[in-house]
Amino acid sequence: MKKFEDNSFMLHTDLYQINMIKTYYMKNMHNTRAVFEAYFRNMPFTNGYAIFAGLERIIDYVKDLRFTESDLEYLKTLGYEEAFLSYLKGFKFTGTIRAMHEGEVVFNNEPLVQVDTTLAEAQLMETAILNIINYQTLIATKASRLRELVPNDQLMEFGTRRAHEFDAAIWGARAAIIGGFDGTSNVRAAKKFGITPSGTHAHAMVQAFGDDYRAFKAYAETHKECVFLVDTFDTIKSGIPNAIKVADEMGDKINFIGIRLDSGDIAYLSKVARKMLDEAGYPNAKVIVSNDLDEMTILSLKSQGAKVDGWGIGTKLITAYDQPALGAVYKLSAIEVDGELVDRMKISGNVEKLTTPGKKEVYRIINNETGKSEGDYITRFGEEIDTSKELFMFDPVHTVKRKYVKNFTPVKKLNDIFVDGELVYRKRTIAEIKQVRIDRLEELWEENRRLVKPQIYPVDLSLKLWTDRQKLIEDLSEREI
Ligand SMILES: Nc1ncnc2c1ncn2[C@@H]1O[C@H](COP(=O)(O)OP(=O)(O)OP(=O)(O)O)[C@@H](O)[C@H]1O
Ligand SMILES: O=P(O)(O)OC[C@H]1O[C@H](OP(=O)(O)OP(=O)(O)O)[C@H](O)[C@@H]1O
Ligand SMILES: O=C(O)c1cccnc1
């Protein structure tokens, strides 16, 4: 079999997308305008909010949306015809993409990314867009849950060795930082994204030297910043005393940042370590812990009064262990028919899977008095919100749950990323993205942010959108009978 150069992401899509594009092309529908929206249906980890991540990679993907010679050559071997291949040769992104900022606080059933372009272009991109946001948003959300638990402690991402291969490690590290982590152990991710690399040392080094003292001393003689891993042999009898001994001997020659515990009863050992470090005159030395940590373990350790200053978290974060998929979908919401954009909706037996038709706008309704959000409010694209009147907000499923909001500011959440094929968005720095998360979370009530059984945040439809949706459901149901 011929080997092809892997030099683009164009074929990072499902075969059925290319097959549909071929049908659109051959039936002359490929240039029909279509609107697709990506959203997820259920809150990950039953959290009260999610943190959007993935836009940076979507931008890079869309900028390079061109089939290479090797892509086309390969497609030819699959049997695609010359005419179709020559159409693909000129393929590029020509439309509009609107999306949330990375770091934005987002909710289920609202568009996170909206693609308004030709049917063929929008169809091809589905797989890659979902591949990107499903993972990155999940990890950023998990990281944010961990950050909320320990607002003032050091949080380090240690997951690379357990991640689902290279890409997951790299983009997962970035998503963890977006979600509020301070650093990553992955040096390539740090280099690539300008984030802080951080780390200690492993048991292997202590084993290599044969005892704690010799290992710590050697490390201290070769590094300024020192965290000693104290649990290789006996944490209390050897690890901590030898860390202190080396710190005493080295004095100002090193910066004794602290110790790391990676096994045993973390609550107990951290308290003992704290006491020993304090008594030895190192009240600022930090106790860093790791070992299969997740939200529940940290919550438990906190409730046991564990004396921990820093947390290294790997497996459970980078693999989103307790919920490995966000389940975001990308659905056609409108298509051009006879020159007009017409609503499209997917009806299925499962009420949960009903889509909301039409090209939409997402607003966050900020109460001017409290500065807090009253909920998200999804309208039809171009629908005006009259701020001089009270806004009627109601739950689209349990419609009796309703309220009137006055003195509010509607804040648009979808930003222009590409317009008419051109990138118009300034990519944000990691620092800016981290700040987006902090600022947007401030607008939520504590009740929406708590880790366990948070209050459900309202994501409502405007009366117009809700009514149009009901009407379309009725029309489609009648048609099916
Ligand atoms: N006081 C504690 N309360 C709740 N969970 C704890 C406490 N101390 C440790 N843990 C957690 O319990 C688990 C212990 O796992 P495990 O038994 O595999 O570790 P270990 O035997 O201490 O060390 P190793 O990883 O070397 O086998 C880890 O997930 C750790 O985070
Ligand atoms: O536990 P995680 O959250 O995934 O954090 C990363 C783990 O990786 C390292 O251990 P290593 O891979 O050497 O194996 P170990 O857990 O058996 O010590 C480190 O000591 C942590 O325990
Ligand atoms: O720096 C560390 O301590 C580290 C890095 C990766 C995995 N476990 C620990």
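Visitor: Looking at this predicted model, why are H3 and H4 called roughly antiparallel to each other?

Guide: Let's start with the general idea. Two packed helices are described by the angle between their axes and the distance between the axes. Now the case here: the axes of helix H3 (residues 69-77) and helix H4 (residues 82-89) cross at roughly 160° and come within 10 Å. Angles over 145 degrees count as roughly antiparallel, and therefore H3 and H4 are roughly antiparallel to each other.

Visitor: Is the crossing of H3 and H4 left-handed or right-handed?

Guide: Right-handed, as H3 passes H4.

Visitor: And which residues of H3 and H4 meet?

Guide: On the H3 side look for Leu72, Leu75 and Lys76, which meet Leu85, Leu88 and Lys89 in H4. Sorted by class, that contact of H3 with H4 holds 4 nonpolar and 2 charged residues, with no polar ones.

Visitor: Which residues make the contact of H5 with H6?

Guide: From H5 you have Tyr135, Gln136, Ile139, Ala140 and Ala143, while H6 brings Ala168, Trp171, Gly172, Ala175, Ala176 and Ile178.

Visitor: On to the ligands. Which residues surround ligand 1?

Guide: A handy way to read a shell is to list its residues, then see which elements supply them. Around ligand 1 you'll find Ser263, Gly264, Asp265, Ile266, Ala267, Asn291, Asp292, Leu293, Thr297, Ser300, Leu301 and Gln304. Helix H11 (266-279) and helix H12 (295-303) are the elements giving two or more residues to that shell. H12 gives the most, with 3 residues.

Visitor: How many residues are around ligand 2, and which come nearest?

Guide: There are 14, and the nearest are Phe158, Asp262, Ser290, Gly314 and Thr315. Strand S11 (310-313) and helix H13 (315-318) each supply at least two residues of this shell. By class, the shell around ligand 2 has 4 nonpolar, 5 polar and 5 charged residues.

Visitor: What about ligand 3: which residues are around it?

Guide: Phe158, Ser185, Gly199, Thr200, Arg260, Ser290, Gly312 and Gly314. That shell divides into 1 nonpolar, 6 polar and 1 charged residue.

Visitor: Last topic, the domains. Which residues do the UniProt annotations cover?

Guide: Take the ranges from the record, then look at what the chain does over each one. The unreviewed UniProt entry lists "Nicotinate phosphoribosyltransferase N-terminal" for residues 11-134. That span is 44% helix and 17% strand, with its end C-alpha atoms 19 Å apart. The record's "Nicotinate/nicotinamide phosphoribosyltransferase" domain covers residues 154-344; here the chain is 43% helix and 21% strand, and the end C-alpha atoms are 47 Å apart. UniProt also gives "Nicotinate phosphoribosyltransferase C-terminal" for residues 359-467. Over residues 359-467 there is 20% helix and 36% strand, and the end C-alpha atoms lie 15 Å apart.

Terms used: Residues numbered from 1 in each chain as written. Chains lettered and ligands numbered in written order. Predicted model: local features only at pLDDT ≥ 70, side-chain atom pairs only at ≥ 80, totals over all residues. Near = placed C-beta within 6 Å. Nonpolar A, V, L, I, M, F, W, Y, C, P; charged D, E, K, R; others polar. Axes fitted to C-alpha atoms, helices over the stretch in contact; angles between N-to-C directions. Helix = DSSP H or I, 4+ residues; strand = E, 2+ residues; numbered from the N terminus. Parallel < 35°, antiparallel > 145°, perpendicular 65-115°, else oblique. Left-handed = near helix turned anticlockwise from the far one by under 90°. Contact = placed C-beta atoms within 7 Å. UniProt positions renumbered as here; feature names shortened; annotations may be inferred.
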